[in-house]
Amino acid sequence: MKPRVLIVEDEAVLASVLADNLEGEGMSVEIAPDGLRALELWQMLEPDLVVLDVMLSKLDGFEVCRRMRAVGFRTSVLFLSARAEAEDRVEGLEAGGDDYITKPFHLPEFMLRVQNTLRRQQWFRGGPDQTYGFAGHRVDFRTWSVTLADGRTETLGERELMIFKLLSERAGEVVSRDQILDRVWGNDIFPSSRTVDNFIVRLRRLFEPDPSRPVHLHTVWGVGYRFTPEPEAEVVSYER
């Protein structure tokens, strides 16, 4: 099945060039020239990826993304923008973007970003097991929700879920921070190893009986993390 891509871009020539190249790679492409049309097509098409210009007429790209995230659309978003300041990139991420590329850009880099984003989403959403249970908790990767052992229900963010999915797939193994960054983000323009640490802290607050003494999400100092679904009676601790 062809990946579906929605390009939201008010520069007609650029939109056409991007569409031609994506279609040449076997993707199905639609174009929206402004923010309001983007909202309509996004809901109608439910694409696999939205390439979203920031500076649009009628409704800017950040607001388009915020509105679609607010109503539950989880589509991957690659922002395009001439705004290259760090605060603009951060705003894009906070609005719900997955990646951010500044204009002017090289077409091969754009194509690589698109392919990497689609590949990560295929891994995240694919596979026969869309739920995972451990220690009385149950994680649902389809709805981004977690039912905790005490009965509470929480909603996780996409990055939190991706990190947990990777660790759960490799339960008992040490997964380095670099491996997490490569699998979950895929590009080196936003996150750092400290970013991973912050997400692990949030996961511990959910899943650990005592987050200060984790029995599931262990730090392997100087390397990364190890996930233990059901801790043994005696676990060799990697914690300080």
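Which residues are linked in a network of salt bridges? They are Glu63, Arg66, Arg67, Arg83, Asp88 and Glu91. Keep in mind that this is a predicted model. The structure holds 19 salt bridges, and I will go through some others.

Take Arg142, which forms a salt bridge with Asp140, with 3.2 Å between the closest N and O atoms. Is Asp140 buried or exposed? Asp140 is buried, because its relative accessible area is 15% and the cut-off for buried is under 20%. Arg142 has a relative accessible area of 57% and is exposed.

Next is Arg152. Its side chain meets that of Asp150 in a salt bridge, 2.7 Å from N to O. Arg152 also meets the side chain of Glu154 in a salt bridge, here at 3.4 Å. As for accessibility, Arg152 is partly exposed at 40%, Glu154 is partly exposed at 29%, and Asp150 counts as exposed at 51%.

Now the helix, α2, which covers residues 35-45. Which of its residues are buried? Gly35, Ala38, Leu39, Leu41 and Trp42. The elements covering these buried residues include the strands β1 (4-8), β2 (28-32), β3 (49-53) and β4 (76-81), along with helix α3 (61-70).

Just after the helix comes Glu46, which takes a positive phi of about 45 degrees.

That is the end of my part.

Terms used:
Residues are numbered from 1 along each chain as its sequence is written. This is a predicted model: local features need pLDDT of at least 70, side-chain atom pairs count only at pLDDT 80 or more; totals for chains, interfaces and linings use all residues. Side-chain values use heavy atoms; hydrogens and water are left out. Buried means under 20% relative accessible area, exposed over 50%, partly exposed in between (1.4 Å probe, protein chains only). Helices (H or I, at least four residues) and strands (E, at least two) are DSSP runs, numbered from the N terminus. Contact means heavy atoms within 4.5 Å. A salt bridge is a side-chain nitrogen of Lys or Arg within 4 Å of a carboxyl oxygen of Asp or Glu.
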